Amino acid sequence: MSSVSPTHHSTLEAALTRAGQRPRFLAGVPTVDRSRAGANLAAIQAEVDAPRVPWLARLLRRLGVREQTIPLVTATPGLRRSWLAAVVVALLFAIGAASDSQAEGVERIVVFLTMAPLIPLLGVALAFGRGVDPTHEIVIAAPMDAFRVFLVRAATVLATSTVILLVASAMVPEGGLARIAWLLPAVAATAATMALATRIDPRYAAFAVATAWVTIVVIINQTTDPATTFGPVTQVVCLVIAFAGAIVFHQRRRRLDLLSEDR
Amino acid sequence: MAAPAIALAGVTHHYGTKPALDLDDLVIAPGSTAVLGPNGSGKSTLIRLLATVSALQAGSLRVDGLDPNVVVERTRIRRRLGYQTQAGALPPNMRVDAFCDYVGALKEIAEARHRRRWTHWVLNRVGLGDVARDRIRTLSGGMQRRVALAQALIGLPDLLLLDEPMTSLDAEQRANVAGIIGERAADATVVVTTHHPDDVAAVCARVIVLSRGRIVFTGTPADLAEQARGFVWETVTVPAGVTSRSVGAGRHRCVSPRPPVGADLVDPTVQDGYTVAVARAGQDNGA
């Protein structure tokens with residue numbers, strides 16, 4: 001509808017405006033309800049004035065995302081260009097560090113594997129909460145569950161950062177399958193952040209989880225080799241944390257319906 | 001559905017140890033009600049409680065009999081709610097129409113074409129149809145306030161809570177917003193907080209004055225004005241220690257228990273009544 005020319009638009013408007021005026025050949029036919037004609041005009045005008053749908057919304061529609069969910073995704077504060085730019089720059093540094101390293105195997109990509117789970121975490125911290133979302137109070141006062149809004153935004157950020165990280169993983173010089181050993185830690189860190197965010201501001205939750213992750217990795221690295229740090233045991237632990245985080249988040253979801261200082 | 005009545009009983013609210021609100025029984029009937037008060041008097045705290053975004057710490061609140069502490073009932077309240085928050089609660093980089101579409105989705109309007117119709121209608125209603133495709137950050141402060149009002153009107157809620165809707169608006173825009181409030185008050189419960197007592201008489205049927213978290217007056221705007229009868233004077237020379245404002249022709253208007261020299265007693269306005277109500281509350285607290 002947005003392709004209707006101004007000429008057609010004016011003709012249409014004039015025709016609908018005249019809808020209440022009766023030509024002779026319509027004598028005996030019930031009168032057109034003026035208010036209904038006005039409502040029809042308003043509906044048509046709204047369609048004519050409808051903006052061109054942004055590429056992201058079109059893509060989401062093609063992917064089968066529900067009409068009501070699309071604006072929630074496209075309005076995610078964490079999807080700012082500044083965040084995406086920061087992600088790309090941080091990853092380039094990590095890949096650069098891996099390329100310059102004289103080490104071999106997993107040891108060469110340890111910085112990348114440590115940093116990668118922090119990226120979705122940062123996105124989640126910027127996706128929901130009073131400090132980062134000016135519309136936060138409007139979100140909470142709306143009938144849609146704040147839990148659902150947070151979940152949609154976190155999933156959006158996680159999906160976006162996963163795609164970027166997978167591309168980055170393909171660019172790191174070596175490591176084989178270990179190059180994607182960040183995936184489960186990233187999911188676990190995100191789930192832990194969301195669970196904690198039902199208690200405190202998501203920014204503080206993300207900071208706490210990020211600090212814990214880096215501290216644990218550094219401590220384990222001092223006592224064992226990096227292949228063990230990101231090995232099967234860590235992956236299983238991360239899987240457990242991810243499930244536990246998801247359960248806690250779901251159980252405490254109603255706390256998100258209120259401002260963080262009132263939780 | 002009939003517009004909801006709001007009933008509060010024994011509501012108190014603290015931020016840490018600092019008391020923000022301490023209300024006795026209060027009923028807000030359908031129609032328009034203004035909440036007046038100086039900064040820090042508890043207006044925004046009250047609005048947040050009514051909007052169900054802040055948890056009730058003590059006392060009870062019912063909106064049309066619904067309890068916001070019960071999840072299902074809270075959602076039912078929110079389905080009837082339009083909420084304009086204080087200034088600054090807009091995403092600066094978003095387009096105006098995209099923002100309204102987003103709020104429409106939050107209000108559970110599932111179909112995009114219905115949200116587009118609401119967006120079109122509310123933006124034209126607040127006089128912003130021409131800037132629908134502009135980024136919010138490019139709009140003036142007054143226009144941004146009207147965007148905030150527009151999103152609250154989506155779905156024509158029968159409980160409309162407006163926090164400082166007149167801030168940053170020029171006289172024409174204030175009249176437009178007053179018209180919208182008057183129109184909605186016919187079949188909704190509208191609660192408006194404002195710093196501007198003179199707006200109240202034009203907009204609202206009832207007034208609540210808050211001072212330091214307590215109600216110091218409830219009644220009609222005319223009743224509030226009457227609070228100052230016998231205390232409002234117009235004079236040429238402004239007496240020392242009395243706050244006054246110029247009313248033109250070299251004359252000044254002041255509120256004082258004693259007549260300044262050469263002053264004429266005049267009819268009080270809502271602004272005068274508000275000044276007296278707040279001053280009395282201050283004296284009572286000091287006593």
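This is a predicted model: local features need pLDDT of at least 70, side-chain atom pairs count only at pLDDT 80 or more; totals for chains, interfaces and linings use all residues.
1. The partner of A:Asp145 in a salt bridge is A:Arg254, with 3.0 Å between the closest N and O atoms. This pair links distant parts of the chain, since A:Asp145 sits in the loop between H8 and H9 of chain A while A:Arg254 sits in the segment after helix H13 (232-251) of chain A, 109 residues apart. A:Arg254 is likewise partly exposed, at a relative accessible area of 28%.

2. A second salt bridge in chain A joins A:Asp133 to A:Arg153, where the closest N and O atoms are 2.9 Å apart. Because A:Asp133 lies in the loop between helix H7 (118-125) and H8 of chain A and A:Arg153 lies in helix H9 of chain A, the pair ties together parts that are 20 residues apart in sequence. Both A:Asp133 and A:Arg153 are buried.

3. The side chains of A:Arg130 and A:Glu137 also meet in a salt bridge, at 3.9 Å from N to O. Here A:Arg130 counts as partly exposed at 32% relative accessibility, whereas A:Glu137, at 10%, counts as buried. Over all chains, the whole structure holds 25 salt bridges.

4. Turning to the interface, chain A and chain B bury about 3200 Å² between them, and 60% of this area is on carbon and sulfur atoms. The contact takes 34 residues from chain A and 42 residues from chain B. Between the two chains there are two salt bridges, and one of them pairs B:Arg74 with A:Asp257, with the closest N and O atoms 3.3 Å apart. Eleven residue pairs are in polar contact between chain A and chain B.

5. On the side of chain A that touches chain B, helix H2 (34-49), helix H4 (70-74), helix H8 (136-141) and helix H9 (146-171) each supply at least two residues. The largest share, eight residues, comes from H2(A). By type, the residues of this side divide into 21 nonpolar, three polar and ten charged.

6. In chain B, an open sheet of four strands has the order E12-E13-E11-E14, with antiparallel pairing. Strand E12 (244-248) and strand E14 (264-265) are the edge strands, each pairing on one side only. Two bridges join strand E11 (residues 232-235) to E14(B), and B:Glu234 has B:Asp264 as its bridge partner in E14(B).

Notes: Residues are numbered from 1 along each chain as its sequence is written. Chains are lettered from A and ligands numbered from 1 in the order in which they are written. Side-chain values use heavy atoms; hydrogens and water are left out. Two strands pair if DSSP finds at least two bridges between them. Contact means heavy atoms within 4.5 Å. Buried area is the accessible area (1.4 Å probe) that two parts lose on being put together, summed over both. A salt bridge is a side-chain nitrogen of Lys or Arg within 4 Å of a carboxyl oxygen of Asp or Glu. A polar contact is a pair of N or O atoms within 3.5 Å; within protein, one must be able to donate a hydrogen and the other to accept it, and residues adjacent in sequence count only if both atoms are side-chain atoms. Ala, Val, Leu, Ile, Met, Phe, Trp, Tyr, Cys and Pro count as nonpolar, Asp, Glu, Lys and Arg as charged, and the others, Gly among them, as polar. Buried means under 20% relative accessible area, exposed over 50%, partly exposed in between (1.4 Å probe, protein chains only).
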